[in-house]
Amino acid sequence: MKDWVKKHPREAALLGAIAVLFLLPLGGVDGFYTAGNLRNLAIDNLPVLLAAAGMTVVIVAGQIDISIGSQFVAGGIAAGLLARSGLPMPAVALATLGLGALFGAANGLLVTVARIPAIIATLATMVLLRNGVLRATGGDWIQGLPSGFQWFGLAPASAPLVYLAGAGLVFAAAAWALRHTTAGRAFYAVGCDHEASRRVGLNPERRVVAAFAVLGVATAAAALLNYTRYPTIETNGGLGFELKVIAAVVVGGTAITGGRGSLIGTFLGVILLGSIGTVFTFLHVNPAWEKAIQGAILLVAVVADTAFGRRREGTSP
Amino acid sequence: MNAGGGRPGRLARHSPNGEWVLIVVLLAEAAVFGWAHPRFLSWENTFEIARLAAETGLLAFGLTAVIKTGGIDLSVGSMMGLAAVALGGSWSLGLPVGAAVFLALLLGAAGGALHGLLVTRLRVPPLIATLGTFSLYRGLAEALTGGYTSYTGFPAGFLALGQAYLFGWLPAQLLIAGAVFLALWVLLHRTVFGRELAVIGHNAAGARFAGVRVGAVTLRAYVICGVCAALAGVIYVARIGQAKADAGLGYELTAIAAVVLGGASINGGRGTLHGTLLGLLCLIVLQNGLRLAGQPSEIAGLLTGAVLIAAIAAAQVLFRRSVRPVAADASVSENPEEFTMKNHQLALLIAAILGGAALIAVSNLFLARSVVEAGASIQTATHAAVAAAPGGAATVPPPPPQARRVVALTPKAKADPYFVSCKQGADAAAAELGVDLLWDSPTDPDPAKQTEVVEAWITRGVDVIAASCASPEALSSVLRKARARGIGVISWDADAKADARQFFVNQATAEGIGTTLADEGARLAGGSGRYAIVTASLTDANQNEWIKFIQARMAAAHPGMALATIQPSDGQRDKAMTETRNIVRAYPDVKVIIAVAAPAVPGAAEALKQENRRDVKLTGLSVPSLCKAYVHEDWIQSIVLWNTQDLGYLTVRAAVAVADGSLAPGATSFSAGRLGTLRVEGDQILLGKPFVFNAGNIDDFDF
C-alpha cells in the first residue's frame, strides 16, 4: 500500500480528493447514494471518459487536439442523418466511427505532413467543422429519427448498463494496451523524444497520425453513446467539450509535454471533474461557483505536480 | 534570426517570416470585396474595421510577446471578463471611474504575474496553467456577479473610450490600440528586452547560459499580456456600455489565430508585432468584407479556418523549417532559399483567398448577383454624398425606388431553434413583399459580435434594420448610429432602448411571459409546492428578466410556491438533461420544473422520461416542434410561446412599412398581411398574448 502510494503519488492524491468529494454528500443529503443517481453520474461522464482516453494517447504522443468538440457534434449529426436515411444501426455506428477516424487522420496529416503545430491545426479544424455543421444544418435539430436510434433499440432500462459495461471493457482494454503492447509503448517513445524514436526506427509521423485517428474514433464513439440517449440531435452540442476532456486528462497526471501519463489517472481525473457539479447540486451550492472551482482544481493539480518534485523530464510510466 | 551571412536586406529584416505576404493578401482581399461591394473601400468602413479590431488587437499584441517566449496565454478572453466585472463592480461601489479602470488594469497585471510565476517558478506548462486560469477567471467573474448582475450607466467620459470619434472620424479606441502597438513595437523590436524574449523562445537554456534572466523576462511578458487583456476588457465595456461576466467570451481564438497567421512560431523565437497586426487585419477584413457582401457568418468562419491552415502549412512546408522541437539546427540554413519560397507561399495564399471568393459566388450565385446590383445602384444614388464627405459623416439618402429593398434582421443567436423558426416567417414575408432579406448574427448570443454584424449593415447601407438585442445597452449605441445615417430601425423579440429604434415588435412582454409561466407552474403544482428553474446560461439577460417576473408573480399570486433552485443549461440540451436529473434527485420534493430556454425543455423532458418521474410536471418556453412528441407522451404538460413564425413575418412586414413610410409614429393600428390588423400601442406593435401550447392544440402548429 505504502509502496503503491509512493510509486503513484498522483493517483493516490486523486483518490484522496475523490474520497473527500464523495464523503461530502454523506452528511444528511438524501438521494445521492442511490443506484439510479450513481448510474446517471456514470452515464453522463461516459462520453468524456471515452474521448479522454483518446486524448491521453494524443497528449502522450506529444500532441494536442482542440477540435474534438466540433468532431463530437459532427459525429452525432452524421449518425442521425445516416440513421434517418434508413441505414441499420450497426452500419450507422461503423460509418460514424469511420468518419471519426477520418477527422482524426486529417488532423494528424496537417500536423505531420503540413507540419502545422497541433494546437493551430486543430484550432483551424475546430472552426471549420463547427461552421460546416452550421452551414449544412442551418441550426435545425435532426428530428424524425427511427425508433431504433435511441439506445440502439435496446430497452431503456437496461441500455445504460450495456453502455457502461461496453465502454468500461473498451476503456480497460485500452488502458492495458497503452501500457503493455509495443504499439502502445510507441506513443510514449514518440512523445518522449521524437528524434530518438525515429533513430530507433519507429516512424514517429505515422504514430502521430495513428494517435489522432485513435482520438477521432474515440470521439465518434463518445458522440454515439451521447446522442443515442436522445430521440433527436441538437446541432450546437459539444461546445466546450474539448476543454472538459483536456482538463480531465491533465488532472489525471498526463504531462502536456508528452511521454508521460496513464489511462488510470485519466479515469480518476474524469471522475473528479465530472462529479463536482452533481455533488454541488446535491449540496445545494450555488451553481455559479462551479466553473471557478474546476479551474482551481486544475491549477492545484498541475502545481502539485511540480511542488512535490515529480520527475519532469519525459519518462514512461 | 538572420545570424551569419552579413546584414540582410531591408525586406528580410522587417519581415523575417514572410510577413509582407500578408500585405498582398490584404490587397487581394480589398480587391475582391471592393469589387463585390463599393462601400467596402470607403474611409468610413476602413475606420469601422479598425474600431472592431481594437480589442482583439490588444489581446493579439500582448500574446505576441508571450508566444515569442514559446509560451501561450489561453486566459486572455476570460481576463477581459474578470476585468470588466472588476471595473463595473468597483465603480458601482463608489470608486471614481478612473480608479476603477486602474484597478482593472492592476488586476490584469496580477493575473499576468500569476501566469508568469506558475510558468517560471513552478514550471507548469503555459498551456495548462492558462487553461486553468481560463476557467478560473471566467468562473470568478460569474461567481462574483452571480452571472446576471451587469453594471451600466457609466459616465459619458468613460464611454467615450469606446464610442467617441475624435475629429468626427477617428475612433477613440483606435488611438489607444495604436499607442499600445507603437509602445510594444519599440519594446519588442528596438530594445534588449525584445531580443531577450526571442532568445528565450529559441532556446531557454542557451539564454540562461548567455546571461539572460529567463524567469524575470518571461514573467514580464505575461504581465504585459495580462495588462493588454485587461485594457481590452475596459474598452469592451466602454464600447458596449455594460460590464458583465461574459465579456470577451471566445476572443482568445481570433487573437491567437492572428498572431500565428502573422508569422509568429507557436514554438517560440520567431514573430513580429507588425506581422501580428497584418495577420489580424487579414482576418478582420475577411469577416467584415463577407458581412458587407451579405454572407452569413459561417462562411467567414469556414474561410478563416481555411486561410489559417493554408497560410501556416505554406509557411511550414515551403520554408522547410522543422517544427519539431528537437531539431535545434533548423534555424541555421534558412535564409538563402527564402525568396523563391515566398513566391510559392504568396501564390498559395492568394489562391486560398480567391478560391474562397469563388466558392461563395458559386454557392450563392443569386445573392452575389443581387449584392453587386444593389451595390451599384447605391453607388450611383449616393455618389455625390459620399464624395462630398469621405469622412463618413454623410447621411445616406434612401436608394431609388426601383431597387429591391434590403431588410436586415438580426436574431440573438442564429443556431437557436427558436430563431430558426422565426426565420421561416420572415422568409415568407420577404417573398410576399419582394424585398431582399439579410439574416445574420453570431451562433451564440454575444452582444459584441452582434454589434459587429449591425455595423457592417450600416456601412453596407441597408434600408432597414430589425434587431433582437442580445443586450439593449450594447445594441442601442449602434442602432442610434444607424438611425443617424437615415436607416430605418426597429427592434423585435428583445427590445433596444426606446430612443434607439422607431418601433418595437413586441411578441410578449417579459412580464407577460413571466406571469404566464408562473401561473402555468402554479396550476401544474396544484397551487403550492416547490419549483425549480432550468435557465440558459447564468449570464443570459432575457432569461434573467423572465425569472425575475416568475419569482415576482409567484410571490404575489401563488404564495404557496417556493423556489428550490436555478440551474444553468448553457443553452445545451445535453446539460439541461443532466441538470434536471440532478434536480429531481437532489430536491425530491420539487413538484414542477420551469425551463426557460428552447433546448432546455426537451432536455428536461428526456430527463423526466428516463427517470420515469410522472409526479414532476414540466412547463417552459420552447418551440412546439422540439416538444411535440414529449407533449403527447405527457412528459411536458404545456409550453408557453407566441407563434414564432408570425413574429418573423410581422417583423419583416413592419420593417418594410417603416422603410417606405407607411408606418409612422402616431399610428394606432398596423395592417400586417395574413395576420390581419394588429394593435399599435405607442411605439410597440403587439403580436398578441403569449400562447399556451398543450396536447390539445400543439398539432395545429408546424414550426
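Reader: In chain B, what share of the contacts with a separation of 6 or more comes from residues 24 or more positions apart?
Author: In this predicted model, such residues account for 75% of those contacts in chain B.

Reader: How many helices and strands is that chain B built from?
Author: Chain B has 25 helices and 18 strands.

Reader: And what percentage of its residues count as buried?
Author: Chain B has 703 residues, and 61% of them count as buried. Its accessible surface is about 24,600 Å², with 62% of that belonging to carbon and sulfur atoms.

Reader: Pick one residue. Where is Thr69(B)?
Author: Thr69(B) sits in the loop between α3 (43-68) and α4 (76-92) of chain B.

Reader: Buried or exposed?
Author: Thr69(B) counts as buried, because its relative accessibility is 11% and the cut-off for buried is under 20%.

Reader: What does Thr69(B) touch?
Author: Leaving aside residues up to four places away in sequence, Thr69(B) touches Leu197(B), Ile200(B), Gly201(B), Thr218(B), Ala221(B) and Gly268(B).

Reader: Switching to chain A. At roughly what angle do α7 and α8 cross?
Author: The axes of α7 (residues 159-180) and α8 (residues 182-192) of chain A cross at roughly 65 degrees and come within 5 Å. Angles of 65 to 115 degrees count as roughly perpendicular, so that is what α7(A) and α8(A) are to each other. The crossing is right-handed.

Reader: Which residues make the contact?
Author: From α7(A), Ala177(A), Leu178(A), Arg179(A) and His180(A); from α8(A), Thr182(A), Gly184(A), Arg185(A), Phe187(A) and Tyr188(A). By type, the residues of this contact are four nonpolar, three polar and two charged.

Conventions: Residues are numbered from 1 along each chain as its sequence is written. Chains are lettered from A and ligands numbered from 1 in the order in which they are written. This is a predicted model: local features need pLDDT of at least 70, side-chain atom pairs count only at pLDDT 80 or more; totals for chains, interfaces and linings use all residues. Side-chain values use heavy atoms; hydrogens and water are left out. Axes are lines fitted to C-alpha atoms, for helices over the stretch in contact, and angles run from 0 to 180 degrees between N-to-C directions. Helices (H or I, at least four residues) and strands (E, at least two) are DSSP runs, numbered from the N terminus. Angles under 35 degrees count as roughly parallel, over 145 as roughly antiparallel, 65 to 115 as roughly perpendicular and the rest as oblique. A crossing is left-handed if the near helix is turned anticlockwise from the far one by less than a right angle, and right-handed if clockwise. Contact means heavy atoms within 4.5 Å. Ala, Val, Leu, Ile, Met, Phe, Trp, Tyr, Cys and Pro count as nonpolar, Asp, Glu, Lys and Arg as charged, and the others, Gly among them, as polar. Buried means under 20% relative accessible area, exposed over 50%, partly exposed in between (1.4 Å probe, protein chains only). Accessible areas come from the Shrake-Rupley method with a 1.4 Å probe; for residues, only the protein chains shown count as cover.
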